[in-house]
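Me: I have a protein model open beside me and would like to learn how to read it. Could we go through it feature by feature?

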Amino acid sequence: MIIDFYGHAKKAIREDVESALWFAKNELMPRHRKLSITIHFIKDLRKKEGIHGDVLDEDDREYTIRIDSSQARKEIIATILHEMVHVYQYATRKMTQPSGDIIVYNKIEYPWDMAYDQKPWEIEAHNLERDLYDNFYK
C-alpha cells in the first residue's frame, strides 16, 4: 500500500493515521497489495461541508480520503477507520458508483441522496468502524 499525505497535520497525527491505515488494511483487505491512498487533511471540513471525512474512488485502486484535521486525534483515527471501510467496499467491488447519483451496494442500486442513516454502506461502515477502533486501541 502506498500512502501519501496532503495538507497540514502534526507529525504525530500523520504517524497515527498511517498506523490506523495499515491496521484497517490488514484487517479488512489482507490480500490487497496494490492500494494507493492519499490522505488530504482539510482544516474545518466539518464546518465547511458538514462532514468529518469522505473517500473518493479515483480509479484503479487509488483512493483519496479527505479528513477534517481540526478534530481531536481519536476522532481523526475513528474517521480514518470509517473511511477505510469505504475503501474496502470499493476495492472489493462491494460498492460502486456508476454515476454521480447512483450507488450500487451488494448488487442493489440506491439513490445517492437517500437518508444518511439508511444507507446500507454507511450502516456497515459505522459497525465495522467501532470494532476496528476498539481493536486498534487494544
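Reply: Gladly. Let's begin with exposure: a residue is buried under 20% relative accessible area, exposed over 50%, and partly exposed in between (1.4 Å probe, protein chains only). Glu49, at 46% relative accessibility, therefore counts as partly exposed. Please keep in mind that this is a predicted model, where local features need pLDDT of at least 70, side-chain atom pairs count only at pLDDT 80 or more, and totals for chains, interfaces and linings use all residues. Residues are numbered from 1 along each chain as its sequence is written, and side-chain values use heavy atoms, with hydrogens and water left out.

Me: Which residue forms a salt bridge with Glu49?

Reply: The general idea first: a salt bridge is a side-chain nitrogen of Lys or Arg within 4 Å of a carboxyl oxygen of Asp or Glu. Here the partner of Glu49 is Arg66, with the closest N and O atoms 2.7 Å apart. Glu49 sits in helix H2 (residues 45-49) and Arg66 in strand E4, so the pair ties together parts that are 17 residues apart in sequence. Helices (H or I, at least four residues) and strands (E, at least two) are DSSP runs numbered from the N terminus. Arg66, at 16% relative accessibility, counts as buried. Salt bridges with shared partners join Glu49, Asp54 and Arg66 into one network.

Me: How many salt bridges does this rule give?

Reply: The count comes to 4. One of them joins the side chains of Arg73 and Asp16, at 3.1 Å from N to O. That pair links distant parts of the chain, Arg73 in helix H3 and Asp16 in helix H1, 57 residues apart. Arg73 is partly exposed at 39%, and Asp16 is also partly exposed, at 24%. In another, Lys94 meets Glu124 at 2.5 Å, N to O. Lys94 lies in the loop between H3 and E5 and Glu124 in helix H4, 30 residues apart. Is each end buried or partly exposed? Lys94 is partly exposed at 21%, while Glu124 is buried at 15%.

Me: What should I look for in the nonpolar core?

Reply: A nonpolar core is a set of buried Ala, Val, Leu, Ile, Met, Phe, Trp, Tyr and Cys residues joined through side-chain atoms within 4.5 Å. The largest one here has 36 residues, and Val17, Leu21, Ile39, Ile65, Ile80 and Met84 touch the most other members. Helix H3 gives the largest share of this core, 10 residues. Not counting residues up to four places away in sequence, Leu21 touches Met1, Ile3, Ile37, Ile39, Ile65, Ile80 and Met84.

Me: And how do I read a pocket?

Reply: On a 1 Å grid over the protein atoms alone, a pocket is an open set of points where a 1.4 Å probe fits, with protein on both sides within 12 Å along at least five of seven lines; lining residues have an atom within 4 Å of a point. The largest pocket holds about 520 Å³ of space. It has 25 lining residues, and Gly53, Asp54, Glu83, Tyr116 and Glu122 are the closest to its centre. H3 supplies the largest share of this lining, 7 residues.

Me: Which residues line the second largest pocket?

Reply: They are His8, Ala9, Lys10, Ile13, Phe41, Ile42, Lys43, Ser69 and Ser70. This pocket has a volume of about 170 Å³.

Conventions:
Points joined across faces, edges and corners; volume = space filled by probe spheres on them. Contact = heavy atoms within 4.5 Å.
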